[in-house]
Amino acid sequence: MELRVGWEELGRIDRGRIIHPSTPLRNHQEAGPLVFTRGKGIWLTAADGREYIDGLSCLWNVNIGHGRAEVAEAVFAQMRELEFVPVFFGMSHPPVIQLAETLAALGEQKRPRVYFTTTGSEAVETAIKLARYHWRLLGRPGKHKILFRTHAYHGVTLGALSANGIPAYRDPYGPLAPGFVQLPAPHCYRCELGLTYSGCGIACATALEETIRREGRDSVAAFIAEPVQGTGGVIVPPPEYFPMVQRICREHEVLFIADEIITGFGRTGRMFAVDHWGVEPDIMTIAKGVTSGYLPLGAACLTEAVYAPFEAADVTLLHGFTYNGHPAACVAALKNLEILVQERLVDNAAAMGAYLQERLRELAERPYVGQIRGLGLLAAVELVADKASRRPFEPSQKVGDRVRDAARGHGLLCRAIGDSIALAPPLVITRAEVDLVISALDRALREVLG
Ligand SMILES: Cc1ncc(COP(=O)(O)O)c(C=O)c1O
């Protein structure tokens with residue numbers, strides 16, 4: 001059914017009908033939706049014809065950029081041939097088999113067992129459930145607790161949300177699931193332990209060991225972490241952090257789940273962000289960049305060792321989502337990954353990421369720029385009221401939101417996380433386009449903060 005009405009009428013219907021996430025309701029009633037109709041590369045075109053740079057790759061996911069017709073054509077061909085069969089009851093189809101093989105190869109066969117989902121939240125739910133089941137199958141059902149960190153974001157379903165370290169996402173929905181324990185984040189600029197890097201001895205990592213000892217290693221199933229915390233504010237850990245985490249997890253028989261849902265598929269300048277530190281998680285969750293958003297798909301990828309007890313016990317896994325390994329989504333993922341590899345977009349992300357970070361550092365001297373942080377094409381600029389003391393602005397001033405809105409006015413879409421302005425443009429970005437991002441952000445900052 002096609003809606004044959006003008007843009008104004010569409011906006012009115014949107015306001016009356018659609019429940020938008022992460023959208024202040026009253027604002028939306030007044031401003032109405034920003035309706036987009038086309039995309040190409042890093043650019044999005046709005047209904048009024050205005051062009052915007054997609055400075056966050058929509059939701060940190062459109063890695064290959066918008067408008068790649070090859071993906072659409074591959075999906076079209078698949079849907080004409082076979083639109084759907086499930087992967088339940090031993091059924092399968094070529095795209096899901098090919099994608100499992102491709103993912104295992106991209107992960108250098110370290111996590112060759114793949115459980116497909118539709119969303120990232122489902123991938124995290126799956127990782128948590130399979131971690132618990134793994135220990136149960138090994139005769140250790142007491143190992144059920146999941147350790148997570150402050151500022152963590154792993155999705156919105158109740159299990160994934162119970163591992164969320166951002167109060168605003170959690171608080172309205174309690175009670176959350178029991179058995180989740182919070183640890184400090186590796187956030188050196190705002191260390192919750194009140195310490196200073198590197199004299200701290202990476203106390204946020206040793207806190208993991210202390211927590212496992214305190215809770216009892218026989219009660220802990222897994223530790224879950226984003227390699228770079230995204231929604232929490234683009235928090236990059238110090239280089240020692242993940243190697244320490246891996247050693248502690250192995251010593252105490254705790255599974256290490258790396259949530260690469262934002263950071264996977266080139267975002268940080270490596271295929272997976274854990275490759276920066278040479279660590280090898282037991283379970284990796286992926287979504288977003290695996291299809292670049294052309295269709296939804298996620299997965300939990302397991303090492304042979306994590307999977308082995310399931311095979312040994314001849315398990316019938318009663319944990320399935322109808323659309324696990326949907327054929328059209330698998331084809332979109334395959335074409336997306338082909339583009340990512342053939343066009344060497346991971347290398348481009350490393351080169352353009354370095355250039356973006358270099359250009360952002362030009363802003364560092366300004367009195368209101370507290371910290372520039374990031375890795376590859378994942379970056380944030382934290383704005384502060386007082387640079388020396390790192391004192392934040394009063395929340396009522398809504399500085400981050402105002403800068404984001406001003407950037408929109410200058411044709412740049414970015415995200416305000418409190419007063420941190422997050423950037424994560426598509427991996428196809430060029431040097432000249434990075435310059436455009438910087439100049440729009442610069443104008444927005446001057447407009448709001450002088
Ligand atoms: C690190 C991380 N994990 C999990 C999720 C949840 O993914 P989805 O929104 O596809 O459920 C997100 C989404 O932003 C994420 O950033």
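Glutamate 215 is located in helix H9 (residues 203-215), where helices (H or I, at least four residues) and strands (E, at least two) are DSSP runs numbered from the N terminus. The structure is a predicted model, in which local features need pLDDT of at least 70 and side-chain atom pairs count only at pLDDT 80 or more, whereas totals for chains, interfaces and linings use all residues. Residues are numbered from 1 along each chain as its sequence is written.

Glutamate 215 counts as partly exposed because it has 15 C-beta neighbours inside 10 Å; a residue is buried if 20 or more other C-beta atoms lie within 10 Å of its own, exposed if 12 or fewer, and partly exposed in between, with C-beta atoms placed from the backbone. Apart from neighbours within four places in sequence, glutamate 215 is in contact with Lys145, Val181 and Val220, contact being defined by C-beta atoms, placed from the backbone, that lie within 7 Å. Glutamate 215 and lysine 145 are 70 residues apart along the chain, and their C-alpha atoms are separated by 8.7 Å.

The protein is divided into domain 1 (34-64 + 344-449) and domain 2 (70-342), with bounds that come from an automatic or database domain assignment. The contact between them takes 28 residues from domain 1 and 24 residues from domain 2. On the side of domain 1 that touches domain 2, the largest share, 5 residues, comes from H13. The residues of this side comprise 17 nonpolar, 8 polar and 3 charged; Ala, Val, Leu, Ile, Met, Phe, Trp, Tyr, Cys and Pro count as nonpolar, Asp, Glu, Lys and Arg as charged, and the others, Gly among them, as polar.

Helix H13 contains 17 residues and reaches 23 Å from its first C-alpha to its last, close to the 24 Å expected at 1.5 Å a residue, the expected span being 1.5 Å times one less than the number of residues. Within H13, Leu345, Val346, Ala349, Met352, Gly353, Leu356 and Leu360 are buried. These residues lie on the same side of H13 because they cover an arc of only 125° around the axis, taken from the directions from the helix axis to the C-beta atoms. Glu358 and Arg361, on the other side of H13, are exposed. The cover over the buried residues of H13 includes helix H12 (327-342), E11, E12 and helix H15 (431-449).

Conventions
Two residues are in contact if their C-beta atoms, placed from the backbone, lie within 7 Å.
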